[in-house]
Amino acid sequence: MTWIRVNKKIVPKGFRGITLFPFIFLSSEILKKNRVIINHEKIHIKQQKELLVVFFYIIYGIDYLIKLIKYKDKHKAYVNIIFEREAYGNQYDLEYLKKRKLFAYWRK
Ligand SMILES: [Zn+2]
C-alpha cells in the first residue's frame with residue numbers, strides 16, 4: 001500500500017518528490033502540474049461525451065487536416081484544433097468544467 005502526500009517541508013527544493021517508505025511525498029508544483037494535465041484531459045472527456053465519442057474523433061481528424069493546410073506546421077495545427085484550443089485555453093482554470101457551456105469549442 002502506498003500513501004501519496006504533498007508536503008512542502010519534507011520535499012527538498014528543486015525535487016519533484018521523495019519517498020520515505022511507505023509514503024511518497026510530492027512537491028506542490030508537481031501536483032499542480034498534474035492537476036492541469038488532468039483538467040485538460042477532462043475537458044476532452046466532456047467534448048467526447050457531447051459528440052458521442054465517434055464524432056469527436058472524426059471532427060478532430062478533419063480539423064487537424066484543415067489546420068495543417070492553414071498553418072503548414074504539425075504543432076501549430078495540433079494546438080489550433082478546436083478541441084485543443086478549448087482545452088489549452090482553459091486547463092489552468094480548475095473550475096472551468098463547472099461553468100463550461102455546451103459545445104463551448106464552437107463559440108470561439
Ligand atoms: Zn488535448
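A residue counts as buried if 20 or more other C-beta atoms lie within 10 Å of its own, exposed if 12 or fewer, and partly exposed in between, with C-beta atoms placed from the backbone. Ile-82 has 19 other C-beta atoms within 10 Å, so this residue is partly exposed. Please keep in mind that this is a predicted model, in which local features need pLDDT of at least 70, side-chain atom pairs count only at pLDDT 80 or more, and totals for chains, interfaces and linings use all residues. Residues are numbered from 1 along each chain as its sequence is written.

Ile-82 belongs to helix H4 (residues 82-90); helices (H or I, at least four residues) and strands (E, at least two) are DSSP runs, numbered from the N terminus. Setting aside neighbours within four places in sequence, Ile-82 is in contact with Asp-63 and Tyr-105 (C-beta atoms, placed from the backbone, within 7 Å). From Ile-82 to Lys-13 it is 69 residues in sequence and 38 Å in space, C-alpha to C-alpha.

Now to the strands, which pair if DSSP finds at least two bridges between them. Three strands form an open sheet in the order E1-E3-E2, with mixed pairing. E1 and E2 stand at the edges with a single partner strand each, so one side of each has no neighbour in the sheet.

E1 (residues 3-6) runs parallel to E3 (residues 23-26), joined by four bridges. Trp-3 has Phe-23 as its bridge partner in E3, and Val-6 has Leu-26.

E2 (residues 17-20) pairs with E3 in the antiparallel sense, over four bridges. The two form a hairpin with two residues between them, and Leu-20 has Phe-23 as its bridge partner in E3.

How values were computed:
Two residues are in contact if their C-beta atoms, placed from the backbone, lie within 7 Å.
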